[in-house]
Amino acid sequence: MTEPQPDTPEAAARPPRDPDRLIERAGLRGDPDQDQHFLVDDRVLDRIPDYLPEGADTSHVLEVGGGTGALTDRLLRVAGRVTVVERDARLAAFLREEFVDEVESGRLTVLEGDAVELDLPEFTACVSNLPYGISSAIAFRLLPRGVPLVLMFQKEFGERMAAEAGTSEYGRLSVSAQHYGDVEVVETVPKGAFSPAPAVDSVVVRVTPRDPDYEVDDEAFFLDFVKALFTQRRKTIRNGIRNTAHISGLSDPEAVVEAADEETLRKRAGKMAPSEFAALAALADEHGR
């Protein structure tokens, strides 16, 4: 069976679908109560697929939250196949109608349902204007897949994902996301680029997958341990370990404190690099579980 290919040069030369006309044809207004903010700025839409890392495999691109298909249209120009997940049954039906040729040719699949709960197919990259209410849940479904991601988030969330140790934005989200790849904010998108406009600006975040420069034997414990210590971010690591055994799962937190070096114990979570968390988690796994 021949693998579907991106649009031919002739098809790619056609103007992209106009996002405002798509909304008109769909006959649906975005509903902020349902997390529907349609991206309508052509310039931003045209740039988003280009933020994929150079050489990224675009043979099968996943899009979460297809809306009226403005980004879907751009993705079909660069991808062999696109799978769109859309929760709104009316929008899913519109996408199948608007892109009927691509659906019939096998280049586009529209899955109706909640991306947090659906069984997602295998895919080689994900490019999405995510519904903000599921930002965290869907990000942590996508990150372990180890594929390039280009995702739209609320500005504060995206900046926290990319934050460096020692900054005010740095936290559990930063350590957890950067465990899976290099995280960059590649563009800030103003509220006016959406219809209806959200309450805050947004950012486009690129995640380029890579193996961490440290060893983690039990990833679930590592992530829980990081989560636990950041619930006590204003306290020293010594007190954080002692106070959060119910979150981290430690049965003997005092043994971990006794095994750790004093310099680490005096730090606070916001000053700890991911590699330091990994080393401390390994120590905690050995002495405290």
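This briefing covers the strands, cores and annotated sites of one predicted model. Local features need pLDDT of at least 70, side-chain atom pairs count only at pLDDT 80 or more, and totals for chains, interfaces and linings use all residues. Residues are numbered from 1 along each chain as its sequence is written, and side-chain values use heavy atoms, with hydrogens and water left out.

**Annotated domain**

- UniProt, in an unreviewed entry, lists residues 44-211 as "domain: Ribosomal RNA adenine methylase transferase N-terminal". UniProt positions follow the numbering used here, feature names are shortened, and annotations may be inferred rather than shown by experiment.
- Residues 44-211 are 30% helix and 27% strand. Their end C-alpha atoms are 30 Å apart. Helices (H or I, at least four residues) and strands (E, at least two) are DSSP runs, numbered from the N terminus.

**Strand 9 and its partners**

- Buried means under 20% relative accessible area, exposed over 50%, and partly exposed in between (1.4 Å probe, protein chains only).
- Strand 6 (residues 149-154) pairs with strand 9 in the antiparallel sense, over 6 bridges. Two strands pair if DSSP finds at least two bridges between them. Here leucine 151 stands opposite valine 205.
- Strand 7 (residues 181-189) also pairs with strand 9 in the antiparallel sense, over 8 bridges. Threonine 188 stands opposite valine 203.

**Nonpolar cores**

- The largest nonpolar core has 52 residues. Such a core is a set of buried Ala, Val, Leu, Ile, Met, Phe, Trp, Tyr and Cys residues joined through side-chain atoms within 4.5 Å. Leu142, Phe222, Phe225, Ile241 and Phe277 touch the most other members.
- Helix 10 (residues 219-230) gives the most to this core, with 7 residues.
- Another core lies apart from it, with 31 residues, including Ile48, Leu71, Leu75 and Leu108.
- Beyond four places in sequence, the contacts of phenylalanine 277 include Phe222, Phe225, Val226, Leu229 and Phe230. Contact means heavy atoms within 4.5 Å.

**Binding-site residues and the pocket**

- An unreviewed UniProt entry places the feature "binding site" at His37, Leu39, Gly65, Glu86, Asp114 and Asn129.
- The lining of the largest pocket takes in His37, Leu39, Gly65, Glu86, Asp114 and Asn129. On a 1 Å grid over the protein atoms alone, a pocket is an open set of points where a 1.4 Å probe fits, with protein on both sides within 12 Å along at least five of seven lines; lining residues have an atom within 4 Å of a point.
- Glycine 65 lies in the loop between strand 2 (60-64) and helix 4 (70-76). Glycine 65 is partly exposed, because its relative accessible area is 22%. Leaving aside neighbours within four places, glycine 65 is in contact with Val85, Glu86, Asn129 and Pro131.
- Asparagine 129 lies in strand 5 (residues 125-129). Asparagine 129 counts as buried because its relative accessible area is 14%. A polar atom of the asparagine 129 side chain lies 3.4 Å from the backbone oxygen of histidine 37.

**Threonine 83**

- Threonine 83 is found in strand 3 (residues 81-86). Threonine 83 is buried, with a relative accessible area of 4%.
- The side chain of threonine 83 makes a polar contact with that of histidine 60, at 2.7 Å. A polar contact is a pair of N or O atoms within 3.5 Å; within protein, one must be able to donate a hydrogen and the other to accept it, and residues adjacent in sequence count only if both atoms are side-chain atoms.
- Threonine 83 and glycine 55 are 28 residues apart in sequence and 20 Å apart in space, C-alpha to C-alpha.
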